[in-house]
Structure formats: structure tokens, C-alpha cells
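Welcome! Please take a moment to look over the sequence and the 3D structure shown here before reading on.

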Amino acid sequence: MKIAKLLALPVLTILLFSSCTSVRVLSDYDTNADFNTYNTYAFYKTGIDKAQISDLDKKRILRAIENEMNSRGFTKSENPDILVSIFTKEREQVDVYNNYWGGGFGWGWNPYFHGGPRGMMGMYGGNQVSTRTEGSLYIDLIDAKDKQLVWQGKGVGSLYQTKNIKKKEQRINEFVSEILQAYPPQASR
């Protein structure tokens with residue numbers, strides 16, 4: 001029993017840390033769009049100005065998008081094929097954990113310990129509540145000619161409140177990279 005608990009702790013820790021670092025990605029696209037014709041891009045200032053995040057974080061996101069687009073062979077242009085826009089959402093996520101450790105040491109009922117099996121003193125935990133901020137980053141690709149949305153990627157994951165700017169930039173780069181892995185849509189590849 002003790003060995004099982006000792007082995008479960010590292011597995012639980014790995015699961016918690018891996019779930020905190022992952023970005024869940026969804027994407028949607030216009031099935032009539034020919035994604036092979038899009039080679040150049042520019043940022044859509046009107047849409048980006050509406051994103052409700054700090055100007056510094058906007059710069060970080062746009063820099064990450066620019067790096068990702070350039071690494072995929074796109075060229076930034078004054079006369080682009082597609083316009084790139086972003087918007088963000090965030091919400092507080094509340095997690096409640098019931099810390100019942102359960103299990104006893106031996107069979108039977110101890111008449112001197114009312115309320116549980118023999119040998120269980122100290123084995124009950126309480127409820128634990130934690131909060132975290134979950135953020136969503138949307139990246140929109142808009143056909144520059146007709147101003148119609150042709151692709152949207154959404155990344156959802158935990159945001160870390162940190163003073164370490166390098167970690168913040170690393171997290172933003174992770175979000176952008178994970179989202180843009182879904183572009184172009186599988187159907188047009």
C-alpha cells in the first residue's frame with residue numbers, strides 16, 4: 001500500500017505539470033479557400049488594436065507570429081495575400097480537490113476511535129481549492145482581397161503570472177507555435 005502511494009506521487013506530479021504546460025488547440029477554416037495561393041502576409045492593425053492585453057504582450061505575440069510565419073516561408077508584405085489578426089480571452093479556473101487518503105491499517109473496528117476504521121488517525125485530508133488563469137489566444141487569417149476570414153486557430157492553456165520575462169515570452173512562443181501547427185489545414189496540404 002505504501003509503495004503504491006509512493007509510486008503514485010511522481011506520476012501525479014508529472015501529470016499536473018504536463019497538464020499545466022500544454023496548449024489545447026482547435027482550428028477551423030473555409031473549405032472553399034485555396035491555401036496554396038497565400039504566400040505573403042501583413043498584420044491587421046484594426047483587429048489587433050481591439051485585443052485587450054498589454055501593448056507589450058501584443059508585441060510579443062506579433063513577434064512570435066512573425067517568426068513562425070517567416071519560418072514557414074511566408075513573406076511580410078505591403079500588398080499581402082492574407083491579413084493576420086489576434087484576439088484574446090482569459091478566465092479564472094477554480095479547481096477543487098478532495099484530499100481523502102482512505103485506507104486503513106488492519107481489519108475491524110476500533111471502539112476507541114469513533115468515526116473510522118482502525119489506525120486511520122491523520123489519514124483524512126480536507127478539500128483543497130486552487131485557482132489559475134486560463135487564457136485563449138485566437139489567430140485569424142483573413143483573405144486580403146475580400147476581407148473574409150479563411151482560417152482561425154485557437155490555443156487554450158494556463159497562463160502564468162510571472163515576473164520572469166523570458167518565461168513569459170517562452171509561453172507566448174509555445175502558444176503561437178502550437179496554434180500555427182494546424183495551418184494550413186490538412187485538406188489543402
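Below is a short tour, grouped by topic.

The model you are looking at is predicted. It has 4 helices and 6 strands, and along the sequence they follow the pattern α-β-β-α-α-β-β-β-β-α. Of the 189 residues in the protein, 33% are buried.

**A helix to start with: α3**

- Helix α3 covers residues 55-71, which gives a helix of 17 residues.
- From the first C-alpha of α3 to the last is 24 Å, close to the 24 Å expected at 1.5 Å a residue.
- Which residues of α3 are buried? They are D57, K58, R60, I61, L62, A64, I65, E68 and M69.
- After α3 comes G73, a residue with a positive phi near 95 degrees.

**A covered strand: β2**

- Strand β2 spans residues 40-43, and both of its faces are covered.
- On one side of β2 sit T40 and A42, on the other Y41 and F43, and all four are buried.
- The partner of β2 is strand β3 (residues 75-76), and the two pair in the parallel sense over 2 bridges.
- If you find Y41 in the model, you can look for K76 in β3 standing opposite.

**Aromatic rings**

- How many aromatic pairs does the structure hold? There are 7 aromatic pairs.
- One of them joins F35 and Y38 edge-to-face, with 5.9 Å centre to centre and 70 degrees between the planes. Both F35 and Y38 are buried.
- Another edge-to-face pair is made by W151 and Y183, at 5.3 Å centre to centre and with 75 degrees between the planes.
- W151 belongs to strand β6 (residues 148-159) while Y183 is in the segment after α4, so this pair ties together parts that are 32 residues apart in sequence.
- Like the previous two residues, W151 and Y183 are both buried.

- Four elements each supply at least two residues of the lining: α3, β4 (82-100), β5 (124-143) and α4 (165-180).
- Which element gives the most to this lining? That is α4, with 5 residues.
- By type, the lining of the second largest pocket divides into 7 nonpolar, 6 polar and 6 charged residues.

**Backbone details to look up**

- As background, most residues other than glycine have a negative phi, and most peptide bonds are trans.
- K147 is not a glycine, yet its phi is positive, at about 55 degrees. You can find K147 in the loop between β5 and β6.
- The peptide bond from Y183 to P184 is cis, with omega near -5 degrees. P184 is in the segment after α4, and Y183 is the residue that pairs with W151.

Conventions
Residues are numbered from 1 along each chain as its sequence is written. This is a predicted model: local features need pLDDT of at least 70, side-chain atom pairs count only at pLDDT 80 or more; totals for chains, interfaces and linings use all residues. Side-chain values use heavy atoms; hydrogens and water are left out. Ala, Val, Leu, Ile, Met, Phe, Trp, Tyr, Cys and Pro count as nonpolar, Asp, Glu, Lys and Arg as charged, and the others, Gly among them, as polar. Rings of Phe, Tyr and Trp (its six-membered ring) pair if their centres lie within 6.5 Å; planes under 30 degrees apart count as stacked, over 60 as edge-to-face and the rest as tilted. Buried means under 20% relative accessible area, exposed over 50%, partly exposed in between (1.4 Å probe, protein chains only). Two strands pair if DSSP finds at least two bridges between them. The expected span of a helix is 1.5 Å times one less than its number of residues.
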